[in-house]
Structures are given as structure tokens and as C-alpha cells.
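Colleague: I have the structure open and I'd like to go through some of the labels with you. Can you tell me what stands behind them?

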Amino acid sequence: MASVQKFGRSLMLPIASLPAAALLLRLGQDDVLGKDGLGWTHVAPIIGAAGNALFTWLPLLFAIGIAIGMAKKSDGSTALAAVIGYMVFKGVTDAMSPFILTPADGAPQKLINFGVLGGVIMGLVAAQLYQRFYRTKLPAYLAFFGGRRFVPIITSAAALVIGVAMSFIYPAFDSVLTSLGTWISHNAIIGGFVYGTLNRLLIPTGVHHILNS
């Protein structure tokens, strides 16, 4: 339970940025500051883009926040490892997309998108690898890459393997998650009961934020 609660507390760091993102995105809409609101047609798109940028990079924010929160005695190298890990993970899954997701004739290529879950996984991986390797000593001719500098290197290698492996399970993951979400949203009473019950049960652990996402 202590580990799960620590994980829940780690989620709060990226989640704290969501109100700012939501406010900026909402203010940038047409009916607030845009053409149907105050008429600031040149200002509203800029403010909306600022908010949308935070939502676009939300998985990266989760990767950083979880890596910092989960690793003991974490420092900047933990966050750097999480950033590098997620970038490699995202690059690998994008490159794997043409082999996993075959588009219909004439349709654009869809990309593998684990969303926030990808950031959560890479944050956990970066935290664990930091704990394991931040004191690693290498031979003298490689000593510069030892210790904390070794963590981003080993994290990028792990992200490569994880990205490839998760790409193969993505079709099943996407199908199950989409079907579950559709079932809950189309069954107001039973679906609402299932979602609400799970949400309340997970609140003591702090992991209910993952369910919300």
C-alpha cells in the first residue's frame, strides 16, 4: 500500500499543471476571447495553443513527475532519463506503426498512441533504473559516462525494447480500452456504477487519476 500511495503522490506533480492547461485552452475558444466572445481574434488562438501544448505533452509531464516522485534521492538526471526514455519510446512506437497498423486504402497512417500510459510506464522505468544504476562505475576510459550519467543511457536502451514490445500488444490494448470506454459511456446506470465504484475505491491510493485519464 505504501508503494501504491507513493505512486499516487507522484501523479500529483503533473496533474497540478492541468488546471492551467484547461484555463488557457478554454480562454482561447471562439466563444470566450475569440470571434464570438470578446473578438480578440489574434490573441485567442495563441492562448488556446498554449493550453493545448500542455495537453499534447501530457504523457511527457507524467513521465517526468512519476520518475522524480518514485526515485529515492532523485535529481535532475532522473528527470532527464524520463524525458529521454519517453522520447525514445514515442519514436519507436511511431516507427513501428506502419508494421502494426495497416491503413485502409487511401487513408492516412495511424500512429500507435498509448497516451498518458506511455508516460507513466517510462516514468516508472526511469525511476527504477535510477535506483539501480546511479552509482554504476565503468572502466577508466568510460568513467565520464558512469554514475548518474549512465541512467539516461540505460533508460533509452530499455525504452527501445519496451517500445517494440508494447507496439505488438497495442491493437489488443486499443480494442479492449475502446470497447470498455464505449460500454461505460453507453450504459449510464451500470457503466456509471462501475466507473464510480472503481474511482472511489482507488482514491485512498491516489491511482484514481489513471482511471480518469
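Colleague: What makes you say there is a kink at I169 in α7?

Modeller: Keep in mind that this is a predicted model. The bend at a residue is the angle between axes fitted to the seven residues ending there and the seven starting there. At I169 in α7 that comes out at about 50°, shortly before the proline P171.

Colleague: Which residues of α7 are buried, and what do they pack against?

Modeller: The buried ones are F150, V151, P152, T155, A159, G163, M166, S167 and Y170. They pack against α5 and α6.

Colleague: How do you know what F89 is in contact with?

Modeller: Contact means heavy atoms within 4.5 Å. Skipping neighbours within four places in sequence, F89 has F114, G118, M122, A159, I162, G163 and M166 as its contacts.

Colleague: And which residues touch the most other members of the largest nonpolar core?

Modeller: F89 is one of them, along with F7, F62, I66 and I112, in a core of 37 residues. The elements giving two or more residues to this core are α1, α4, α5, α6 and α7. Nine residues come from α6, the largest share.

Colleague: Why is N199 called buried?

Modeller: Its relative accessible area is 14%. Buried means under 20%, so N199 qualifies.

Colleague: Where is N199 found, and what does N199 touch?

Modeller: N199 is in helix α8, residues 190-202. Not counting residues up to four places away in sequence, N199 touches H208, L211 and N212.

How values were computed: Residues numbered from 1 in each chain as written. Predicted model: local features only at pLDDT ≥ 70, side-chain atom pairs only at ≥ 80, totals over all residues. Heavy atoms only, no water. Core = buried A, V, L, I, M, F, W, Y, C linked by side-chain atoms within 4.5 Å. Buried < 20%, exposed > 50% of the residue type's maximum accessible area, 1.4 Å probe, protein only. Helix = DSSP H or I, 4+ residues; strand = E, 2+ residues; numbered from the N terminus.
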